[in-house]
Amino acid sequence: MREDPTEMSEDDDRTTDLAGGGTIVVEASSNKTRSCGGNGGGGVGVGTIADYCPSPYPDQVLENVLENVLLFLTSRRDRNSASLVCKSWYRAEALTRTDLFIGNCYAVSPRRAIERFKRVKSLVLKGKPRFADFSLVPPNWGAQFFPWVSAMAAAYPWLEKIYLKRVSVTDEDLILLAHSFPAFKELVLVCCDGFGTAGLAAVARCRQLRVLDLIDDEVNEDDVDWISCFPESVTCLESLIFDCVESPVNFDALERLVARSPSLKRLKLNRHVNLMQLHRLMVRAPQLTHLGTGSFSTSDNPAQADQEPDLSAFATSKSLVCLSGFRDIVPDYLPAIYPVCARLTSLNFSYANINAEQLRPVICQCYNLQTLWVLDSVCDEGLQAVAATCKELHELRVFPMDAREDGEAAVSEVGLLAISEGCRKLRSILYFCQQMTNAAVVAMSRNCPELVVFRLCIMGRHRPDHLTGEPMDEGFGAIVMNCKKLTRLAVSGLLSDKAFSYIGEYGKLIRTLSVAFAGDSDMGLTYVLKGCPKLQKLEIRDSPFGNLALLSGLHHYYSMRFLWMSTCKLTLEGCKEVARRMPYLVVEVIGDTDEGDIDDSIDKLYMYRSLEGPRADAPSFVTIL
Amino acid sequence: MERTVTYENDLNLKATELRLGLPGTDDSDKQTPSGVRSNKRTLSETTEECRSKSNSGTSDARNDDTETAPAAKAQVVGWPPIRSYRKNSFQPKKTEAEAAGIYVKVSMDGAPYLRKIDLKSYKGYPELLKALENMFKFTIGQYSEREGYNGSDYAPTYEDKDGDWMLVGDVPWEMFISSCKRLRIMKGSEARGLGSYV
């Protein structure tokens with residue numbers, strides 16, 4: 001299976017390591033190079049590049065050999081290391097790097113990246129901080145695609161692939177993309193916004209397009225019939241994902257498109273495609289491996305209301321391994337998918353309002369399942385059914401139907417415990433609940449030693465163990481202690497500084513940490529900053545950490561991609577102090593859109609390492625210190 | 001959407017208020033302060049500040065709906081951390097407070113009062129029309145595409161997003177509730193005129 005950033009798992013921690021440290025190595029104007037955390041260590045190091053080999057001819061041969069060898073080097077981390085060996089290795093690596101990864105679009109400018117890497121075919125670019133997903137970053141904050149696409153249009157006309165996450169993309173950007181890259185093959189947009197169907201129409205016209213994946217984007221509802229803009233002849237399409245597009249598509253055009261796309265393996269429809277239409281598409285594309293089923297409901301058209309949908313296409317499918325969609329599911333039709341269950345490795349029911357009784361007959365056949373996303377409407381009983389069958393489960397996400405603090409409790413520690421006992425190979429879990437106990441979390445830490453990602457969201461803020469009344473310190477402490485491979489952690493519930501001392505003491509591999517409404521004092525954050533050498537991404541909200549804690553991390557900030565702190569106890573002076581002492585750090589104080597000046601106690605701090613200094617495109621509500 | 005009136009000042013109306021209930025029972029203030037939960041152990045002042053700060057900062061961002069509900073707690077911005085797309089995909093079980101309804105004013109020619117209704121609480125045109133009939137004590141008559149409403153002097157009309165006055169029932173229900181700004185029950189010749197345009 002190819003390493004694929006478009007897979008359901010967002011936590012592709014394998015590829016997000018070290019923020020593409022190679023991209024922020026300063027251009028060598030002399031023999032010295034300043035490398036900011038480029039090779040896995042902490043802090044700023046200054047390395048000396050070896051002198052040239054004395055005679056030119058062996059050097060040329062060496063470089064040719066080197067380039068040919070380096071072509072095989074695909075790992076970003078390895079390439080960063082190789083580039084530091086000596087100047088000729090640096091040059092050879094720069095010439096042969098085809099996959100450019102920019103973990104923070106403001107860490108390096110397009111110009112600098114283009115000057116170093118001449119032959120890039122594929123770009124991964126990440127923009128806004130993750131808390132933008134939860135409305136914590138005002139609109140128009142930044143992360144525009146335009147500077148990148150316009151620079152690359154001139155520099156990389158052979159560009160084939162673009163992957164963007166949390167970037168603002170306009171229709172004009174997409175039109176420019178379509179016109180500038182004749183060999184363009186793959187576009188993946190995750191959590192992006194700013195574009196609409198007009199931009200999609202432009203991309204559809206790319207004759208060599210293989211992949212157009214729109215995942216969790218906000219797509220403006222224009223009325224352009226973009227589905228009709230794909231090439232008229234047989235297409236190369238392998239993947240078409242548009243379940244997040246809210247506007248209806250031209251179904252007849254879609255059916256014709258699918259019929260003339262023999263390579264199509266992944267198709268994820270939006271909620272405007274009903275069961276009857278789904279059948280027609282499945283008949284046209286029996287080779288599909290990944291299917292997003294649209295509404296999984298009958299048509300709204302009253303004239304068709306009496307027709308029973310034909311669901312036989314599931315029975316004849318031999319290749320389906322991933323199912324999702326079910327946006328307006330009619331549970332009566334769920335038995336239609338039984339024939340594919342045994343082969344499924346991935347099932348996304350996170351929009352399906354089904355209960356345990358409706359889930360059970362499906363899940364009890366899914367014994368090969370590796371990835372499962374569900375709604376908490378399935379309750380603890382549903383999770384027990386999952387635990388009984390899905391022994392190969394690697395990733396579980398349980399989303400809340402009622403996403404409020406005082407909502408109804410649907411899943412609890414009972415479900416978590418059941419999962420931990422049944423799914424011993426679990427690597428990644430995201431679990432929303434209203435109440436939890438330390439005992440269940442401790443049990444999971446013991447039962448699931450393979451855990452790499454542990455994200456528990458107890459939706460009631462500051463909620464303690466509901467049986468003992470204790471803080472949740474011991475539960476999370478056990479997780480960091482026992483799960484030796486843990487790289488990503490999100491904490492919640494009532495937590496004292498003790499929890500953070502555990503994280504600092506045992507969380508030696510943690511790269512991403514999310515904290516909300518937790519901790520007692522500056523010590524909490526200090527434990528983490530001093531104790532976690534691999535920390536890359538730290539996002540904190542509504543926790544009592546102040547300037548002292550902020551300053552305790554100065555030794556580490558150059559090794560991190562970013563730090564986010566909102567509604568903590570920071571003041572302007574503290575942030576200015578950091579900015580003074582760390583010249584390669586951009587320290588942004590983000591205000592609300594309508595306020596002018598910031599006062600002494602700041603609300604939102606976002607800081608990140610960068611080679612470029614303060615960005616020129618900061619809006620008025622952002623103050624860069 | 002009326003606020004609870006407090007009787008604390010001046011006239012001491014409370015003393016002379018006629019109520020049901022045993023003498024001596026108190027009228028407690030229905031406005032629950034947001035944020036403080038009873039099952040928390042006591043935290044330091046600093047964390048209290050944090051929480052109230054985040055609550056006050058976000059109560060502006062929240063709908064006015066939440067203020068009128070005694071039981072509902074003001075929700076904090078961005079918490080729980082679910083993308084809004086996912087949050088909006090479900091209608092949670094509606095309490096009066098939480099439902100973001102589509103409220104439109106309804107006026108009837110000749111009636112001295114305006115009413116307000118929540119379009120979301122009706123599943124379709126028949127239900128809506130029945131409710132209007134009950135509300136204003138009249139009959140609407142039979143709807144036909146060609147002739148509008150036959151058999152009565154009244155026709156239910158609505159003003160849409162573009163400012164045009166349309167006959168209720170001409171467009172699909174979903175389109176209607178998303179574009180309707182207000183309703184007016186027309187009477188007499190004006191009503192008959194509208195119907196014949198189709």
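## Exercises on strands and sheets

In strand 15 of chain A, the bridge partner of L347(A) is L372(A). The model is predicted, and local features need pLDDT of at least 70, side-chain atom pairs count only at pLDDT 80 or more, and totals for chains, interfaces and linings use all residues. Residues are numbered from 1 along each chain as its sequence is written, chains are lettered from A and ligands numbered from 1 in the order in which they are written, and side-chain values use heavy atoms, with hydrogens and water left out.

**Exercise 1.** Determine how strand 14 and strand 15 of chain A are joined.

*Solution.* Helices (H or I, at least four residues) and strands (E, at least two) are DSSP runs, numbered from the N terminus. Two strands pair if DSSP finds at least two bridges between them. Strand 14 (residues 346–348) of chain A runs parallel to strand 15 of chain A, and three bridges join them.

**Exercise 2.** Are the residues of strand 15 of chain A buried or exposed?

*Solution.* Buried means under 20% relative accessible area, exposed over 50%, and partly exposed in between (1.4 Å probe, protein chains only). T371(A), W373(A) and L375(A) point one way, L372(A) and V374(A) the other way, and all are buried. Because five of the five residues of strand 15 (residues 371–375) of chain A are buried, the strand is largely enclosed by the rest of the structure.

**Exercise 3.** Describe the open sheet of chain B and its edges.

*Solution.* Five strands in the order 2-1-7-5-6 form the sheet of chain B, with mixed pairing. Strand 2 (115–118) and strand 6 (165–167) of chain B stand at the edges with a single partner strand each, so one side of each is left without a neighbour in the sheet. Strand 5 (residues 154–159) and strand 6 of chain B run antiparallel, joined by three bridges. In strand 6 of chain B, M166(B) is the bridge partner of Y158(B).
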